[in-house]
Amino acid sequence: LYWVGCAGAYDDRARRVTRSVSRLMQKAGVDFSILGNDEKCTGDSARRLGDEYLFQNMATENVELLNESGVKKIVTHCPHCMNTLKNEYAQFGGDYEVIHHSELLSKLVSDGKLKPKSGGDAQQKVVYHDSCYLGRYNEIYDPQRDIIDALPDVERVEADRSKATGLCCGAGGGQMWMEVDIGERMNYVRTDQLLEKKPEVIAVACNFCMTMLDDGVKAKGKDEDVEVLDLAELLDRRVD
């Protein structure tokens, strides 16, 4: 099952990632389905913000649907969805194999089912931003970097704070939905750290991170020089 997620279904920017993930799976011959209009939010933000009652109602409904549909394996391009489906739905009778799209795409590349080619440009410098729910929460660090390293003519650079010491984009803990009115915005702090490496591309693997860092790049006036791209988009551009 491809779990599209709220952003992947409704946010115009995130829908481009959905299309890239779908295209890549189709090119690699992956047999997948989606729930379409039956898919609901996983409830991640509700639980992070403290509305446990709402989260449990959403989780119960989703588990019932997934179990009735016979779902065993799920791929999601949102680390928040992945973490909730993988680590929290077991409390409600949901036992699934859940992987992030970077794990799937990395395996498809290593198996030769996706063969990235040169982009035809000069070497492109890419810095990867670790998502909290992929990195520090689930300790998934290598597949994302393996995808970047498999791209011809791409130089991967590491931020000074990365992997286990990576910095949140500022959207975690439900902060995505709140307005900051005191202190410095976390996404601006993180954007500055990534821009220090003078990249052409900031690569992400999370819809929340994409929004926060894209806003940061625009606020710094660097949006004409630096792109914020999901790993799936980066790979999709180089696979015929």
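This briefing goes through selected local features of the structure above, grouped by topic.

The structure is a predicted model, in which local features need pLDDT of at least 70 and side-chain atom pairs count only at pLDDT 80 or more, while totals for chains, interfaces and linings use all residues. Residues are numbered from 1 along each chain as its sequence is written, and side-chain values use heavy atoms, with hydrogens and water left out. Helices (DSSP runs of H or I, at least four residues) and strands (DSSP runs of E, at least two) are numbered from the N terminus. A residue is called buried under 20% relative accessible area, exposed over 50%, and partly exposed in between, with a 1.4 Å probe and protein chains only.

**Salt bridges**

- The whole structure holds 19 salt bridges, each defined as a side-chain nitrogen of Lys or Arg within 4 Å of a carboxyl oxygen of Asp or Glu.
- One of them joins the side chains of Asp236 and Arg23, with an N to O distance of 2.7 Å; Asp236 belongs to helix α10 (residues 231-236) and Arg23 to helix α2 (residues 12-27), so this pair ties together parts that are 213 residues apart in sequence.
- Asp236 also forms a salt bridge with Lys27, where the closest N and O atoms are 3.3 Å apart; this pair again links distant parts of the chain, with Asp236 in helix α10 and Lys27 in helix α2, 209 residues apart.
- Asp236 counts as buried because its relative accessibility is 11%, whereas Arg23, at 37%, and Lys27, at 36%, are partly exposed.
- A further salt bridge is formed by the side chains of Asp111 and Lys107, at 2.7 Å from N to O, and Asp111 is partly exposed, with a relative accessibility of 41%.

**Surroundings of His100**

- His100 is placed in strand β3 (residues 97-100) and has a relative accessibility of 0%, so it counts as buried.
- A polar atom of the His100 side chain lies 3.0 Å from the backbone oxygen of Ala205, and a polar atom of that side chain lies 3.4 Å from the backbone oxygen of His77.
- Apart from neighbours within four places in sequence, His100 is in contact (heavy atoms within 4.5 Å) with Val75, Thr76, His77, Cys78, Pro79, Met82, Leu134 and Ala205.

**Helix α5 and Tyr96**

- Helix α5 (residues 79-88) is mostly covered, with eight of its 10 residues buried; these are Pro79, His80, Cys81, Met82, Asn83, Thr84, Leu85 and Glu88.
- Tyr96 sits in the loop between α5 and β3 and is buried, with a relative accessible area of 9%.
- The side chains of Tyr96 and Asn67 make a polar contact at 2.8 Å, a term that stands for a pair of N or O atoms within 3.5 Å; within protein, one atom must be able to donate a hydrogen and the other to accept it, and residues adjacent in sequence count only if both atoms are side-chain atoms.
- Leaving aside neighbours within four places in sequence, Tyr96 is in contact with Val63, Leu66, Asn67, Val71, Lys72, Ile74 and Leu85; the C-alpha atoms of Tyr96 and Leu66, 30 residues apart along the chain, are separated by 9.2 Å.

**Helix α9**

- The 13 residues of helix α9 (residues 207-219) should span 18 Å at 1.5 Å a residue, and the end C-alpha atoms are 18 Å apart, which agrees; the expected span is 1.5 Å times one less than the number of residues.
- The buried residues in α9 include Asn207, Phe208, Cys209, Met210, Met212, Leu213, Gly216 and Val217.
- Gly221, which follows α9, has a positive phi, near 70°.

**Lysines with positive phi**

- Most residues other than glycine have a negative phi.
- Lys163 has a positive phi, near 50°; Lys163 lies in the loop between β5 (154-157) and α8 (186-195) and is partly exposed, with a relative accessible area of 34%.
- Lys198 likewise has a positive phi, near 50°; Lys198 lies in the loop between α8 and β6 (201-204) and is exposed, with a relative accessible area of 64%.
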